[in-house]
Amino acid sequence: MKHPLRVLYHMVKADFLERVRRYSFLLILAGALYMAYGVIAEKFTIVVGDGYRGVYNSAWIGMLMAMCCSTFLSLCAFYVVKNSVERDSTTRVGRILAATPMPKALYTVAKTISNFAVLASMVLVLMAAALAMQWLRPEARPISLWQLWSPFLLIAMPAMFVTGALALLFETLPILRSGAGNVIYFFVWVFALAGGATTRLDDVTGIHIMSKNMRDALERMNPGDTRNSGFRMEVGGIHATRTFVWHGIDWTPRLLGGRLLWIAIGFGLALLASVFFDRFDPAREWIRKRRLKAIQNAAVDDPALAVEGGQPQRAHTTLTPLGSGGNSRLARLVLSEFSLMMKGLQWWWYVVAAGLLVAEFASSTAEAREGVLLVAWIWPVLVWSKMGCRESRHATQSLIFSAEHVVYRQLAALWMAGVMVALITGAGVGFRLLLSLDWHALVTWCAGAFFIPSLALALGVWSGSGKFFEALYTIWWYIGPAHHVPTIDFIGGSQASRSPGLYLTLAAGLLLVSCLGRRRQVAYA
């Protein structure tokens, strides 16, 4: 029998090599390099006190880049690595692993380390980019490798390890492994950032350590100034007007122990995941058992399979005749697509959706209605995420793509079904806008209802998965509509943030992109 460490090494190596060859890895890596460009171009900066930023020396550049890793990269990269267990299950490799004497804890620890290896490779690329940045922005010399790279090693790396462990834990929990987990993780990430900015504890992102150290340095330069306590991250905002010299974090044993504690927490999450890991045994998954029982009950209720006295009874089935009316066939196709999108939803989903719809009609002020609409259009995110990728998920490409006019008719029906979901869930706001004759707001509402399914359809067709839409839409929804940021607020919660023409154009462009992607799929099916 091979040594467990040897088995661990080969599992991590094989998983790492398989992931770094994917397009999603290259996409996130390109985004990380763009963040490096954003730092040198001052599109992303830290403002301390009353409009101060640090001189671009090794310590300041390393801190900026490490903060990019521990915040933005920990969000995007989570969705890249959250598929290792699912991939072993779909490729049937998990059944081979389940037949070996490998302990569950060894499997979950190996997957956590492989997740971390993928994320750490991105951090290493940014470390090299940080070195190049100081040559390109010579505000301070010489280069200190310790000041430049210590924030990466002691802040970004532990954050990446915890991110990889959380991705594995989400995959082993029945509810979080689905699309709901993709949405929930975003809000966990938001709360983690808020906790790091408001508490005095050593958070996983390292925001508290860096902000406290920079404020202390500014306090030594301007003692007694009450404005020294300010600390904010600016993304494309107003640049700092003054500079100060920051020499980096003084890594005391207490600070080092706090960062090592987060690595230990990551290992604890990996061991916790082994408790919920089912070792690819479908009999232990109560959700699958319940779904299988429902399918069996539905099969028994089918008249064609009815049994009486132990003998199957023949049932006469009549097929509907083919009609020549194109419009009626399209309408039936739209209703069929709508039914497939809503299939599998639990009763409580409809209760919440109905409650939001009633609140839209009952809200007395425009601000309250916009708040309810904001929630109503995040609630069906898992319904929209099925658009365009259902064929890939259920391996029915050969069956669906052999139908007549599949590129335009089926895709148009699917888009109309997605628009129906948006119009129904937001009907209360649309009706009140119509009664008040607020035409600009009504057109903005329609543009949002057209844009959301168009985005879901384009991302689903080209990615073959709903994960990309679930992540991107949730982030877009939080940054744009939730904060009324102009040009990216597709709901138009305020007068200044409404851009109906932009989102109608985007909806049309995304539909065109969806058609091109579907034509490509049909050609290679």
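Helix H20 (residues 439-463) packs against helix H21 (residues 467-479) at an angle of about 145°, and their axes lie 9 Å apart. The crossing in which H20 passes H21 is right-handed. On the H20 side, the residues that meet H21 are Phe451, Ile452, Leu455, Ala456, Leu459 and Ser463. Their counterparts in H21 are Phe468, Phe469, Leu472, Tyr473 and Trp476. Of the residues in this contact, ten are nonpolar, one is polar and none is charged. These values, like the others in this report, come from a predicted model.

### The chain as a whole

The protein chain contains 22 helices and six strands. Of its 525 residues, 46% are buried. Among contacts in the chain with a separation of 6 or more, 77% are between residues 24 or more positions apart.

Helix H19 covers residues 427-436, and its buried residues are Gly428, Val429, Gly430 and Leu433. The cover over these buried residues includes helix H13 (347-362), helix H14 (366-376) and H20. Just after H19, Leu437 has a positive phi of about 60°.

How many cavities of 30 Å³ or more does the structure hold? There is one cavity of that kind. The largest cavity has a volume of about 40 Å³. Two of the buried residues of H19, Val429 and Leu433, are named in its lining. The lining also includes Glu370, Leu373, Ala441, Thr444, Trp445, Ile491, Gly492 and Arg498. H14, H19 and H20 each supply at least two of the lining residues, and H20 gives the most, with three.

### The second largest pocket

The second largest pocket holds about 450 Å³ of space. It is lined by 19 residues, and those nearest its centre are Ile209, Lys212, Asn213, Arg254 and Leu255. Helix H9 (207-221) and helix H10 (253-276) each supply at least two residues of this lining. H9 gives the most, with seven residues.

### Asn213

Asn213, one of the residues nearest the centre of the second largest pocket, is placed in helix H9. Is Asn213 buried or exposed? Asn213 counts as buried because its relative accessible area is 17%, and the cut-off for buried is under 20%. Which residues does Asn213 contact, leaving aside its neighbours within four places in sequence? They are Trp246, Gly248, Ile249 and Asp250.

### Summary of the elements

Helix H20 packs against H21, it is part of the cover over the buried residues of H19, and it gives the most residues to the lining of the largest cavity. H14 is likewise part of the cover of H19 and supplies at least two residues of the cavity lining. The second largest pocket draws on H9 and H10, each with at least two lining residues, and Asn213 in H9 lies among the residues nearest the pocket centre.

Key
Residues numbered from 1 in each chain as written. Predicted model: local features only at pLDDT ≥ 70, side-chain atom pairs only at ≥ 80, totals over all residues. Heavy atoms only, no water. Axes fitted to C-alpha atoms, helices over the stretch in contact; angles between N-to-C directions. Helix = DSSP H or I, 4+ residues; strand = E, 2+ residues; numbered from the N terminus. Left-handed = near helix turned anticlockwise from the far one by under 90°. Contact = heavy atoms within 4.5 Å. Nonpolar A, V, L, I, M, F, W, Y, C, P; charged D, E, K, R; others polar. 1 Å grid on protein atoms, 1.4 Å probe; cavity = no way out; pocket = protein on both sides within 12 Å on 5 of 7 lines; lining within 4 Å. Points joined across faces, edges and corners; volume = space filled by probe spheres on them. Buried < 20%, exposed > 50% of the residue type's maximum accessible area, 1.4 Å probe, protein only.
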